[in-house]
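My notes follow the order of the look-ups.

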Amino acid sequence: MSRFTDAAATMHTLSLAAMEEASRLGLRDADIDHLLLALTIDADTGGQVLRRAGIRLDAARAAVEAQHAGQLLAVGIDAPAVGPGRIVFHETDGYDWTERALAVLRAASQGGRRGDSAAVLRALLAEPSGLIAAILARLAVTEDDLTAQLDEVEGTARSRRPGGRPAARGITGSRSMFVPAAEAAVRAVLTDAERLPEWEQSVATVLPAGTDGPWEAFAPTTTPDGRPLRRKPEFHRLHVTREEEGSEGVTWRFEYPDAPRANPRVLTMALEPAAGGTQLRATMTWETRPRGPVRRVLRAPLRPLWRGLVFIQLAQVESGISRIFR
């Protein structure tokens, strides 16, 4: 990945997770503590270092809540504990970063830093307010501990080859994800057709069809916040098949039977155990159908746009799966 691509992908991923964490508490401004929580479920170096140090999402959430309660108590406010709610970010809008969180994200992309999650973690550790140091102290970890582990991991890191089957002809993208749950629990969700609506945004309902399918499904008619969705009638019904299910993962294929010229979409997910949860490699391919020479010429300039759309769709898949276990 280029430095620009690293920074853009990291900003998108961490923004989504941090604002989801803020939404649990009824907040609309994601701060540096929410950024720390987002990093605990990051799939790349920043998240790996935190989990290696024993900092998991549940423990980090508890430390953040205790730190804020302690700050209020220090100024004489003994506020009753109010438990967090569920993640509602995908159902609401109006979220933004605080100024100090934005300063951390900017620092992660300056001075030769790549803007990846390791750079974000380094910038977060250097943030001057003292909030992150106080939260880490509650977790019995120091900033020096994490910096040393970052130096070690980055010094020995090697590129990992993507998992999954070879890509089909078409527009393809891959994305590593971390899910804070055991592999067996994640696999049970991802291989169950009737649970597709919980994490796959193109599916609202699935008709029962036994354990092996294929299944008839229907697209959503409203957004999560209840607003109506405009959709052509031929894209309302889906044909869903589970093409592979083995020890490594599962492959789903989505087609629109009422739109035979539409491009099928294939989603392959390879799973493996990881510290504190499951590492997942998702590969999405929009298969292309044979076209005439004019269509082939016109398609080439649009490839960057389509790849960007694939990235967004994979990010939505990651968010949907992660929400189930958070």
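I am working from a predicted model, in which local features need pLDDT of at least 70, side-chain atom pairs count only at pLDDT 80 or more, and totals for chains, interfaces and linings use all residues. Residues are numbered from 1 along each chain as its sequence is written, and side-chain values use heavy atoms, with hydrogens and water left out.

**Helix H7.** I took helices (H or I, at least four residues) and strands (E, at least two) as DSSP runs numbered from the N terminus. Buried means under 20% relative accessible area, exposed over 50%, and partly exposed in between (1.4 Å probe, protein chains only). In H7 (residues 131-138) I list Leu131, Ile132, Ile135 and Leu136 as buried. They cover an arc of only 130° around the axis (directions from the axis to the C-beta atoms), which puts them on the same side of H7. After H7 comes Ala140, with a positive phi near 60°.

**Aromatic pairs.** I searched the whole structure and got three pairs (ring centres of Phe, Tyr or the six-membered ring of Trp within 6.5 Å; planes under 30 degrees apart are stacked, over 60 edge-to-face, the rest tilted). Phe89 and Tyr95 have ring centres 5.0 Å apart and planes at 65°, so I logged the pair as edge-to-face. Both Phe89 and Tyr95 are buried. Phe235 and Tyr256 also pair edge-to-face, at 5.0 Å centre to centre and 75° between planes. Phe235 is partly exposed at 25% relative accessibility, whereas Tyr256 is buried at 15%.
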